[in-house]
Amino acid sequence: MCADRMRSIIIAIIIGLSMGMLGSENIKYAFIMQLIVIVALLVDGFLGFCPIRSFTKLAFPKCNDR
């Protein structure tokens with residue numbers, strides 16, 4: 001696995017967990033998780049810095065290095 005693919009997988013897992021919390025009526029926690037994902041994606045879009053991407057680049061190789 002490469003860093004960018006793992007970032008997408010991590011974001012998908014976070015969204016799935018928040019949907020599960022919404023289904024189990026933990027609306028407050030689901031809202032907080034969604035808000036964190038939205039803020040992280042907006043920061044990534046505007047500034048080019050994503051905390052999830054910087055973490056995955058430390059743990060996994062770049063996608064271009066295959």
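Is the crossing of α1 and α2 left-handed or right-handed? In this predicted model, the crossing of α1 and α2 is left-handed.

**View 1. Helix α1 meets helix α2.** The axes of the two helices come within 7 Å and cross at roughly 155°. Angles over 145 degrees count as roughly antiparallel, so α1 and α2 are roughly antiparallel to each other. From α1, the contact draws on Arg 7, Ile 11, Ile 14, Ile 15, Leu 17, Ser 18, Met 21 and Leu 22. From α2 come Ile 27, Tyr 29, Ala 30, Met 33, Gln 34, Val 37, Leu 41 and Asp 44. By class, 12 of the contact residues are nonpolar, two are polar and two are charged.

**View 2. Helix α1 meets helix α3.** Here α1 spans residues 3-23 and α3 spans residues 51-59. Their axes come within 9 Å and cross at roughly 130°. That angle makes α1 oblique to α3. The crossing is right-handed. On the α1 side, the contact is made by Ala 3, Asp 4, Met 6, Arg 7, Ile 10 and Ile 11. On the α3 side, Ile 52, Arg 53, Thr 56 and Lys 57 take part. This contact of α1 with α3 has five nonpolar residues, one polar residue and four charged residues.

**View 3. Val 39 in helix α2.** Val 39 sits in α2, which covers residues 27-47. Its relative accessibility is 44%, so Val 39 counts as partly exposed. Cys 50 lies 11 residues from Val 39 in sequence. In space, the two are 9.8 Å apart, C-alpha to C-alpha.

Note on methods. Residues numbered from 1 in each chain as written. Predicted model: local features only at pLDDT ≥ 70, side-chain atom pairs only at ≥ 80, totals over all residues. Heavy atoms only, no water. Axes fitted to C-alpha atoms, helices over the stretch in contact; angles between N-to-C directions. Helix = DSSP H or I, 4+ residues; strand = E, 2+ residues; numbered from the N terminus. Parallel < 35°, antiparallel > 145°, perpendicular 65-115°, else oblique. Left-handed = near helix turned anticlockwise from the far one by under 90°. Contact = heavy atoms within 4.5 Å. Nonpolar A, V, L, I, M, F, W, Y, C, P; charged D, E, K, R; others polar. Buried < 20%, exposed > 50% of the residue type's maximum accessible area, 1.4 Å probe, protein only.
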